[in-house]
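I opened this notebook to record what I looked up in one structure. The entries follow the order in which I looked.

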Amino acid sequence: MATELSKSNIINMLQNGIVNVKFTKKDGTERDMKCTLLESMVKPYEKKTDKERSVNDEILSVWDVEKDAWRSFRFDSIIQIDK
């Protein structure tokens, strides 16, 4: 991770406002995302399949405020975080 922030610090930032996260996607491309975990902005997650997902502490699901949808990224793929 390019940042010195811990996972809990990143989650705390997201729970308190909109954060710009730059990260490397699984396909190797870079993505800038404005996201949050602020309760007043996120919509409840709606399951679209009956498939059960295992919990992975290396991945964080966040609300993408520009796409108005849930997205996720890996903590170890973060390049930069700005508030």
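Entry 1, the model. I note at the start that this is a predicted model.

Entry 2, the sheet. I asked in what order the strands of the open sheet lie. The five strands run β4-β3-β2-β1-β5, and their pairing is antiparallel. I marked β4 and β5 as the edge strands, since each pairs on one side only. On average, neighbouring strands of this sheet are turned by 35° against each other, direction ignored.

- β3 and β4 (residues 69-74) are antiparallel and share six bridges; in one of them, Leu 60 has Phe 73 of β4 as its partner.
- β2 and β3 are antiparallel over two bridges, and Thr 36 has Trp 63 of β3 as its bridge partner.
- β1 and β5 are antiparallel over four bridges; here I found Phe 23 bridged to Ile 78 of β5.

I asked which residues of helix α1, residues 7-15, are buried. They are Ile 10, Met 13 and Leu 14. Seen down the axis of α1, the buried residues fall within an arc of 95°, so they line one face of the helix. The general rule I wrote beside this is that an α-helix has 3.6 residues a turn, so residues three or four places apart point the same way. I then checked what covers these buried residues of α1, and the cover includes β1 (19-24), β2 (30-36), β3 and β5 (78-82).

The largest nonpolar core has 15 residues. Leu 14, Val 21, Val 62 and Phe 73 have the most contacts inside this core. At least two of the core residues come from each of α1, β1, β2, β3 and β5. I followed up Phe 73. Not counting residues up to four places away in sequence, Phe 73 touches Val 21, Phe 23, Met 33, Cys 35, Glu 58, Ile 59, Leu 60, Val 62 and Ile 78.

Is Asp 64 buried or exposed? Asp 64 counts as buried because its relative accessibility is 0%, and the cut-off for buried is under 20%. Asp 64 lies in strand β3, residues 59-64. I found a polar contact of 2.6 Å between the side chains of Asp 64 and Arg 31. Leaving aside neighbours within four places in sequence, the contacts of Asp 64 are Arg 31, Met 33, Lys 34, Cys 35, Ala 69 and Arg 71.

I then looked up Glu 30, which lies in strand β2. Glu 30 is exposed because its relative accessible area is 52%, and exposed means over 50%. Its side chain makes a polar contact of 3.5 Å with that of Lys 22. Beyond four places in sequence, Glu 30 touches Lys 22, Phe 23, Thr 24 and Ile 79. I also took one distance: Glu 30 and Ser 77 are 47 residues apart in sequence, and 9.4 Å apart in space from C-alpha to C-alpha.

Note on methods. Residues are numbered from 1 along each chain as its sequence is written. This is a predicted model: local features need pLDDT of at least 70, side-chain atom pairs count only at pLDDT 80 or more; totals for chains, interfaces and linings use all residues. Side-chain values use heavy atoms; hydrogens and water are left out. Buried means under 20% relative accessible area, exposed over 50%, partly exposed in between (1.4 Å probe, protein chains only). A polar contact is a pair of N or O atoms within 3.5 Å; within protein, one must be able to donate a hydrogen and the other to accept it, and residues adjacent in sequence count only if both atoms are side-chain atoms. Contact means heavy atoms within 4.5 Å. The arc is that of the directions from the helix axis to the C-beta atoms. A nonpolar core is a set of buried Ala, Val, Leu, Ile, Met, Phe, Trp, Tyr and Cys residues joined through side-chain atoms within 4.5 Å. Two strands pair if DSSP finds at least two bridges between them. Axes are lines fitted to C-alpha atoms, for helices over the stretch in contact, and angles run from 0 to 180 degrees between N-to-C directions.
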